[in-house]
Amino acid sequence: MAYEKKPGDIAIFKEKNKTNDRAPDWKGDLITPSGEKLQIALWLKSDTMLAGKVEPPRQREERQQEVSPPRDQPREAFTADLDDEIPF
């Protein structure tokens, strides 16, 4: 039977595959007494201290398709087709 989190529960795990030096050393989540799920990120600051933040889960943004000119078309010709007006 899988562990089912209840309001007030917290779970934190050591990050084994840090992607960079600024990534958290520990990550996890908690469920507030009202049922809201929050993410936790902790960094090891010394032998006796962890520091971190608690925030709402980040929504994965749909990756915006980057607009770039086709390889066979010069950049100038591509940008000339844009009809955007910037008001400043």
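At 40% relative accessibility, K27 counts as partly exposed. In this predicted model, the side chain of K27 meets that of E15 in a salt bridge, with 3.6 Å from N to O. This pair links distant parts of the chain, since K27 belongs to strand 2 and E15 to the loop between strand 1 and strand 2, 12 residues apart. E15 is likewise partly exposed, with a relative accessible area of 23%.

A search of the whole structure finds six salt bridges. Another of them joins D29 to K5, whose closest N and O atoms are 2.2 Å apart. D29 lies in strand 2 (residues 26-31) and K5 in the segment before strand 1 (10-14), so the pair ties together parts that are 24 residues apart in sequence. D29 is buried, at a relative accessible area of 14%, whereas K5 is partly exposed at 30%. K5 and D29 are also linked with K37 in a network of salt bridges.

K37 opens strand 3 (residues 37-46), which runs antiparallel to strand 4 (residues 49-55) and is joined to it by seven bridges. The two strands form a hairpin with two residues between them, and L44 has L50 in strand 4 as its bridge partner. A salt bridge also connects K53 and E55, with the closest N and O atoms 4.0 Å apart.

Strand 3 and strand 4 also contribute to the largest pocket, each giving two or more residues to its lining. The largest share, four residues, comes from strand 3. The pocket holds about 290 Å³ of space and is lined by 14 residues, of which P24, K27, Q39, A41 and R58 lie nearest its centre. By class, five lining residues are nonpolar, three polar and six charged.

Definitions and conventions
Residues are numbered from 1 along each chain as its sequence is written. This is a predicted model: local features need pLDDT of at least 70, side-chain atom pairs count only at pLDDT 80 or more; totals for chains, interfaces and linings use all residues. Side-chain values use heavy atoms; hydrogens and water are left out. Two strands pair if DSSP finds at least two bridges between them. On a 1 Å grid over the protein atoms alone, a cavity is a set of points where a 1.4 Å probe fits but cannot get out, and a pocket is an open set with protein on both sides within 12 Å along at least five of seven lines; lining residues have an atom within 4 Å of a point. Grid points are joined across faces, edges and corners, and a volume is the space filled by probe spheres set on the points. Ala, Val, Leu, Ile, Met, Phe, Trp, Tyr, Cys and Pro count as nonpolar, Asp, Glu, Lys and Arg as charged, and the others, Gly among them, as polar. Buried means under 20% relative accessible area, exposed over 50%, partly exposed in between (1.4 Å probe, protein chains only).
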